[in-house]
Amino acid sequence: MQLNKAPYFTKSLLRQLSHFFLPESNTQKRVIKVLSSDKAGVFSLGGDLGSLANCVSEQDGVWLKDYAFTYMTLLQRILHGAKHNVTSIALIQGRAYGTGMEVALCTDCVVAEEGAVFMYPSTLFNHGLEHLLIAKLQHKTSRSALMEVMYSDKRFSAKELYELGLIDVLVNVGEGENKVRSLVARAQACGIGHSVLQNYRYQKSINTFNQLNSVAETWVKNTIKVDAMQQKYLRRLARKQY
């Protein structure tokens, strides 16, 4: 992800990522796709909060719907990658906040360097997909631990999430890229190795595209109605995204 201009998910970036995770035409071919950032110290600081605040102020429901559906399309393609023989790996080398953390945890395998930091702020503008991650990851750790991570508003180190089972591979700072290359090489050399990597987090009960679209519609209806105080709070969060 090229984040030098904006260290968060702009609509343009979401479209690029959604295209990147399109199912391959040849579903018999094993494909591994790696998601990382080119900005030092940042994986993603979440959604485009500044644009979101402006759209709420201007009651621009069209922009909000397009943004929400583009994001849900991205999540759906990552979550259902195993059906198309696509394995996703997230390499976290910095801060992963909000939807940045969400996208990372939705991938099949999360590799994080020890300096990485995670946070899922419980703002009034969340889309309600926390339950999706809880359902997807509850076999990795306890439900109470997941609730703490998703709803406590706390910052978590990579080591803390690794100990909870939410991060699959923890490496020293600066070693993340080499570790990912090693994982990919081993998986490509062995079909069984690829299957193990692919099934780290995949569950058959994950949300369908229609369910995700329903979540997006509900989110837009709720977001467009927020008051001036909530908009002010959102703008304050947006100023912290750099």
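Which residues form a positive surface patch?

Modeller: This is a predicted model, in which local features require pLDDT of at least 70 and side-chain atom pairs count only at pLDDT 80 or more, while totals for chains, interfaces and linings use all residues. Residues are numbered from 1 along each chain as its sequence is written, and side-chain values use heavy atoms, with hydrogens and water left out.

The positive surface patch consists of R155, K232, R235, R236, R239 and K240. A patch takes residues with over 30% relative accessible area and no salt bridge, joining like charges within 9 Å. Lys and Arg count as positive here, whereas His and the chain ends are not counted; each charge is placed at NZ of Lys or CZ of Arg. Helix α11, spanning residues 228-239, supplies the largest share of the patch, namely 4 residues. Helices are DSSP runs (H or I, at least four residues), numbered from the N terminus. K232 lies in helix α11, and its relative accessibility of 59% places K232 in the exposed class. The classes are buried (under 20% relative accessible area), exposed (over 50%) and partly exposed (in between), computed with a 1.4 Å probe and protein chains only.

Charged side chains also meet in pairs. There are 4 salt bridges, each requiring a side-chain nitrogen of Lys or Arg within 4 Å of a carboxyl oxygen of Asp or Glu. One of them joins K11 to D66, with N to O at 3.2 Å. Because K11 belongs to helix α1 (residues 11-20) and D66 to helix α3, this pair ties together parts 55 residues apart in sequence. K11 is buried, having a relative accessible area of 13%, whereas D66 is partly exposed at 28%. K11 and D66 also belong, with R15, to a network of salt bridges.

Another salt bridge links E148 and K154, where N and O are 2.7 Å apart. Here E148 is partly exposed at 33% relative accessibility, and K154 is likewise partly exposed, at 45%. R181 and E177 form a further salt bridge at 2.9 Å, N to O. Both of these residues sit in helix α8 (residues 176-189), and because they are 4 residues apart, about one helical turn separates them. R181 counts as exposed at 56% relative accessibility, while E177 is partly exposed at 43%.

Aromatic contacts complete this account. The model contains 2 aromatic pairs, a pair being rings of Phe, Tyr or Trp (its six-membered ring) with centres within 6.5 Å, classed as stacked when the planes are under 30 degrees apart, edge-to-face when over 60 and tilted otherwise. F20 and F21 have ring centres 5.0 Å apart and planes at 80 degrees, so they are edge-to-face. F20 is partly exposed, with 36% relative accessible area, but F21 is buried at 4%. The rings of W63 and Y67 also have their centres 5.0 Å apart, but their planes lie at 10 degrees, so this pair is stacked. W63 and Y67 are 4 residues apart in helix α3 (residues 61-79), and therefore about one helical turn apart; W63 and Y67 are both buried.

How values were computed:
Patch = residues over 30% accessible without salt bridge, like charges linked within 9 Å, V, L, I, M, F, W, Y side chains within 5 Å. Areas by Shrake-Rupley, 256 points an atom, 1.4 Å probe, with all protein chains shown as cover. Helix = DSSP H or I, 4+ residues; strand = E, 2+ residues; numbered from the N terminus.
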